[in-house]
Amino acid sequence: ILLSAFTGCNKSGGDTILIGEFASLTGKEATFGTSSHEGTILAIKEINAAGGVLGKQLELKTEDDQSKAGEPANVVNKLISKDGVVAILGEVASSRSLEAAPICQENGIPMITPASTNPKVTETGDYIFRVCFIDPFQGTVMANFAANTLKAKKVAVFTDVKSDYSKGLAKFFKEGFLKAGGEIVAELDFNGGDKDFKGQLTAIKSAVPDAVFVPGYYTDVALICIQAKQLGLNVPLFGGDGWESETLVKLGGDAVEGHYFSTHYAADAASPKVTAFVDAYKKEYNGKVPDCMAALGYDSVFFLVDAIKRAESTEPAKLRDALAATKEFEAVTGKVAINENRDAVKSAVILQIKDGKFKYLETVNP
Ligand code: PHE
């Protein structure tokens, strides 16, 4: 009893500020959670080393949702009611953020998703924020890229119907591509976790597209690229931020070469803020180059701390107001302005897979 009373104290009274994090540390999208978690930890270490915030040290309580539907609700309930966290960081995947957001909203605990781009996440309510752009923007970016850079006239779209992210991005891409004067010649579905995509890819091939848009996550995308190649579907495949994982190249090998995706930042960008982060991350994690989830995880902590400082409080309602008032926050992934929907307005980058590496192509501003 005494212990839990002390835990409760973290909210306001104790000498630490307890922050909750839920992430996919294991399971199908384990690299998403691992990266964002590593970025989160690095930020907390840096802030604590510099004296913490409001004279207190930050403490992080992390829960693994195993990339599984159902788990986000379990672990976020626990973080709020048992641990008494002042705010929640997470998730990367939109479907999992969507599961947790109503719980944070009902309890009046601010939630900041580092990387969920589906618009519905923040529509849940006024306690839900993100430090990334949203998919209406990302979809438009890739629609214009297909029309203007790939010079594609006919595009096929291959959607993961189990993922809110995939369904949303497919929709926004289609709207943008039609607007750009293009034609959608085939629309096929898969279920995240499927192993055999040959039937749909054969149908796509027979529609003779100039390129195929695959708004999926890296494990499925790698298999799709391999099977497309086996079937002789030799056109550019392209997608969104869900492609970003070293595992895409590890699994996909040759089959992912030359393909394209949009994402949140490029580790080789010529920006002092990016360089400082990349150096610090490499030092902390054995020379590993941080991907965008690592950068966004890192940004989510500084974004929260910036608001705590302005609120001069960790009281959830005050914190919420300060988060909503964020007008110019310098993140590793770019300048963040929070708009009236609690979404970050910021630029996207487009990368190409070249020699097994992600090569920076261009930046697209909102
Ligand atoms: N944007 C994806 C989603 O909302 C998650 C993601 C972000 C994946 C960044 C990879 C990189 O589901």
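This is a predicted model: local features need pLDDT of at least 70, side-chain atom pairs count only at pLDDT 80 or more; totals for chains, interfaces and linings use all residues.
Trainee: OK, how many helices and strands does the chain have?

Mentor: Both are DSSP runs numbered from the N terminus: helices are H or I with at least four residues, strands are E with at least two. On that basis the secondary structure comes to 13 helices and 15 strands.

Trainee: Why does the radius of gyration agree with a compact globule?

Mentor: The radius is taken over C-alpha atoms, and the globule rule is 2.2 Å times the number of residues to the power 0.38. For 366 residues a compact globule would come out near 21 Å, so the chain agrees, with 20 Å.

Trainee: Which strands sit at the edges of the five-stranded sheet?

Mentor: Strands pair if DSSP finds at least two bridges between them. This open sheet has parallel pairing and the order E2-E1-E3-E4-E5. The strands that pair on one side only are E2 (57-64) and E5 (128-130).

Trainee: And what is the bridge partner of Ile 88 in E4?

Mentor: Strand E3 (residues 87-89) and strand E4 (residues 111-113) run parallel and are joined by two bridges. For Ile 88, the partner in E4 is Met 111.

Trainee: Which strands of that sheet does helix H2 touch?

Mentor: Contact means heavy atoms within 4.5 Å. Angles run from 0 to 180 degrees between N-to-C directions, with axes as lines fitted to C-alpha atoms, for helices over the stretch in contact. H2 (residues 30-49) makes about 165 degrees with the direction of E2. Packing on the sheet, H2 touches E1 (16-23), E2 and E3.

Trainee: What share of the largest nonpolar core comes from H12?

Mentor: A nonpolar core is a set of buried Ala, Val, Leu, Ile, Met, Phe, Trp, Tyr and Cys residues joined through side-chain atoms within 4.5 Å. The largest one has 102 residues, and Phe 158, Phe 173, Phe 238 and Phe 277 have the most contacts inside it. H12 gives the largest share, 13 residues.

Trainee: How many residues are in the second core?

Mentor: This core is separate, and Val 85, Ala 101, Val 121 and Ile 128 are among its members. The count is 19 residues.

Trainee: Last one: is Thr 117 buried or exposed?

Mentor: Thr 117 is in the loop between E4 and helix H5 (120-123). Beyond its neighbours within four places in sequence, its contacts include Ser 94, Asp 135, Asp 241 and His 264. Buried means under 20% relative accessible area, exposed over 50%, and partly exposed in between, using a 1.4 Å probe and protein chains only. Thr 117 has 1% relative accessibility, so it counts as buried.

Conventions. Residues are numbered from 1 along each chain as its sequence is written. Side-chain values use heavy atoms; hydrogens and water are left out.
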